[in-house]
Amino acid sequence: MSSPTPAAPLQLDPDRLLPADPVRREIARRLHAQVSGLPILSPHGHVPAAWLAHDTPFGDPTSLLITPDHYVTRMLHAQGVHLGDLGVGTTLDADGSRRAFRSLCENWSAYRGTPVRYWMQVQLVELFGVDVRPSADTADEIHDRIAATLATPQFRPRALFERFGVEVLATTDDPCDDLADHRLLAQDPTFTGRVLPTFRPDRYLEVGAPDWNDHADRLHEVSGIDTGDFRGFLAALQDRRDHFRAHGAVSADHSHVDVRTDKLDAGTAADLYALARKGELAEAEATTLRRHLLWEMARMSSEDGLVMTLHPGVCRDHHGPTAREFGKDVGADIPVQVEFTRALRPVLEDFGTNPGFQLVLFTLDETTFSREIAPLAGFYPAVHVGAPWWFLDAPDAIGRARAAVTETAGFSKSSGFIDDTRAFCSIPARHDMARRLDAVHLSTLVADGRLEEDEAAETIVDLVTRNPRKAFRL
């Protein structure tokens, strides 16, 4: 009988992502060394504060590494795996968790060349000590190794937070959230990190949505301010913003299909709002009021200091049957084109040079980096360029974005890297990837004689530390 074929090894190249050219590689190594051990600033993400507030041990490999990570689940879904079998919208038992993990390992080849493969491989090797490549034959071995590791005190959420070197972690929260978990963390003398809430009012601005009136009523219930008219609605939103600021929030995040900020006169806005409360608003009118509400959010940011971040250009929940079965935000989002220059002119006319206003722009349309976002940031003091996100936070796309932005806006107007993730254990891998790619870009400038290496070293440290602190007022 022949011996079984040994499993292929899983290992990391210490020079991964660095240039193949030996001159640039040596420069990039030195630059990466400047930042590889620096703390992580994560001013926009989706890790639940409850994980850290209660320090509850992670249950199993699937619920930690697969279920909450849209990047992982959507690619498995594309291979024919049912989302419910991955724990999306349901709770898996032990056997179900193991089967879901097998699905990941059996479809490991589907991730070749993707950033998901890169992050997952770094996690498996550096965090869990896995040294065999995922496959149908190794799935149970890897699952059991991770499960045993998660049962140790060193792998509880707070221990990992400290091990990862996270200095600041922002969550994303509904305006009506009481922020009790954030309060627990702030009042706990044994927890020394900063976990900040982020004000995310999308559902309260989408006045044409079928459930919008329910949200407006909830806003009244929580704030104690009557939302029966437009003036009260705005006052209630401001009250909740104040609540978030009192709990450490530094930003308000907005994600609509576009970023038009058409300013209405007070009477027109009030009339449209009254129609919305009656459920009589036409679709075009709902869009008009939503765009005005986005202008109102900018006005509030200019007054209360919450940094305004815009994540536009996404067709949310593209597949209706999936949304009906599993709910919203399960990975079925598809990018669409978006325009910034004319769309943001009303806000920038009013607040673009206001020292109290700060705006961070994200995009899923690469063509807008050099055509619109960088030029806007290159003129308006208030505007900062957000990191490539969702479908663009991949090595090649990050490199293209850095080149497209820097030539017009320089390095100082970029936000630094933002992981925007629910996958807690991938945060170090994502940030290190960005640091390596910045080292690559800067090494090219040095090798080409366009920048001195001491300036490049100062720049890469700024990108990791100074830039996010400045862009998000940390």
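Helices here are DSSP runs of H or I with at least four residues, numbered from the N terminus, and the model to which these labels apply is a predicted one.

View 1. T138 is found in the loop that runs between α6 (115-127) and α7 (139-150). With a relative accessible area of 3%, T138 falls under the 20% limit and is therefore buried. Leaving aside residues up to four places away in sequence, T138 touches A7, V132 and R133. I40, by contrast, is 98 residues from T138 in sequence and 32 Å from T138 in space, C-alpha to C-alpha.

**View 2. Edge-to-face pair of F199 and F244.** Among the 18 aromatic pairs that the structure holds, F199 and F244 form one that is edge-to-face, at 5.3 Å centre to centre and with 85° between the planes. This pair links distant parts of the chain, 45 residues apart, since F199 lies in the loop between β3 (194-196) and α10 (202-205), and F244 in helix α12 (residues 230-246). Both F199 and F244 are buried.

**View 3. Edge-to-face pair of F379 and Y380.** The ring centres of F379 and Y380 are 4.9 Å apart and their planes stand at 90°, so this pair is edge-to-face. F379 is exposed, with a relative accessible area of 59%, whereas Y380 is buried, with a relative accessible area of 16%.

View 4. W51, F58, F164 and F424 are linked into a cluster by ring pairs. R430 lies over the face of Y71, at 4.8 Å from the ring centre, and R430 also lies over the face of W119, at 3.8 Å from the ring centre.

Note on methods:
Residues are numbered from 1 along each chain as its sequence is written. This is a predicted model: local features need pLDDT of at least 70, side-chain atom pairs count only at pLDDT 80 or more; totals for chains, interfaces and linings use all residues. Side-chain values use heavy atoms; hydrogens and water are left out. Helices (H or I, at least four residues) and strands (E, at least two) are DSSP runs, numbered from the N terminus. Buried means under 20% relative accessible area, exposed over 50%, partly exposed in between (1.4 Å probe, protein chains only). Contact means heavy atoms within 4.5 Å. Rings of Phe, Tyr and Trp (its six-membered ring) pair if their centres lie within 6.5 Å; planes under 30 degrees apart count as stacked, over 60 as edge-to-face and the rest as tilted. A charge sits over a ring if NZ of Lys or CZ of Arg is within 6 Å of the ring centre and within 35 degrees of the ring normal.
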